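Have a look at the fold first, then read on.

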Amino acid sequence: MALAAAPGIVVYPLMIVAGACEGALLGAGQSIGFGPSVVRRSSWVVATAGGAAVAWAIGMLPSTIAGFDPGSPSALPWILVGAVLLLVSIPSLQWLVLRRLIPRSFWWIPVNSLAWSAGILWTLAPSPFIDEKTPFPVLLVVYVLAGILMAATVASLTGFAARRVVESATSKGAGGTGAVASE
């Protein structure tokens, strides 16, 4: 879209849709990792896609709002609130699915928010080393690598929490309260 010089009014909604697609893939991967007896795949994918769409909508705002100066002291509170909302968007919507399945599953939100806080740093890492003169193939390789490192970081840091979800759901099903079905 940058190469086509698409206006912000086109870029903003397309990036939100792209973010929702990214979230759907993340949710599908997580639901596969959880296994068939933990979460209903469609509910998890929809929650994750919705959270990712919200995250992208928030994350794209600073570059979309005309005249927004992130260096301004008055912008700092907005940036902090936006950052918190961005980081809790995916796990909060996922928790809406988990809370029906696993008692006291609120911990899912801070665990994932902290993991995303660490993982998102990979997408920021290349910024000091690239500019508008960086060749497109280099940009592509650098940001694909950053995306892979982000995914690996988040997956590694949330793996223990995911294991707890699986164990809780499995013990709930074994305890006679009914196993959680998937599609």
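Let's start with Ser 113, which is found in helix 4; helices (H or I, at least four residues) and strands (E, at least two) are DSSP runs, numbered from the N terminus. Keep in mind that this is a predicted model, where local features need pLDDT of at least 70, side-chain atom pairs count only at pLDDT 80 or more, and totals for chains, interfaces and linings use all residues. Residues are numbered from 1 along each chain as its sequence is written, and side-chain values use heavy atoms, with hydrogens and water left out.

**Ser 113**
- With a relative accessibility of 10%, Ser 113 counts as buried (under 20% relative accessible area, with exposed over 50% and partly exposed in between; 1.4 Å probe, protein chains only).
- Leaving aside residues up to four places away in sequence, Ser 113 touches Leu 87, Val 88 and Pro 91, where contact means heavy atoms within 4.5 Å.

**Helix 3 against helix 4**
- The axes of helix 3 and helix 4 (residues 108–119) come within 8 Å and cross at roughly 150 degrees; axes are lines fitted to C-alpha atoms, for helices over the stretch in contact, and angles run from 0 to 180 degrees between N-to-C directions.
- Helix 3 and helix 4 are therefore roughly antiparallel (angles over 145 degrees; under 35 is roughly parallel, 65 to 115 roughly perpendicular and the rest oblique).
- On the helix 3 side, the contact includes Leu 87, Val 88, Ile 90 and Pro 91, and helix 4 brings in Trp 108, Ile 109, Asn 112 and Ser 113, among others.
- The residues of this contact split into nine nonpolar, five polar and no charged; Ala, Val, Leu, Ile, Met, Phe, Trp, Tyr, Cys and Pro count as nonpolar, Asp, Glu, Lys and Arg as charged, and the others, Gly among them, as polar.

**Nonpolar cores**
- The largest nonpolar core has 14 residues, and Phe 34, Val 38, Val 39, Trp 44, Leu 98, Trp 108 and Val 165 touch the most other members; such a core is a set of buried Ala, Val, Leu, Ile, Met, Phe, Trp, Tyr and Cys residues joined through side-chain atoms within 4.5 Å.
- Helix 2 (41–64), helix 3 (76–98) and helix 6 (136–177) each supply at least two residues of this core, and helix 6 gives the most, with three.
- Another core, of seven residues, lies apart from it and includes Leu 87, Ala 115, Met 150 and Val 154.

**Whole chain**
- The chain has six helices and zero strands.
- Its C-alpha trace spans about 60 × 35 × 25 Å along the principal axes.
- Of the 183 residues in the chain, 30% are buried.
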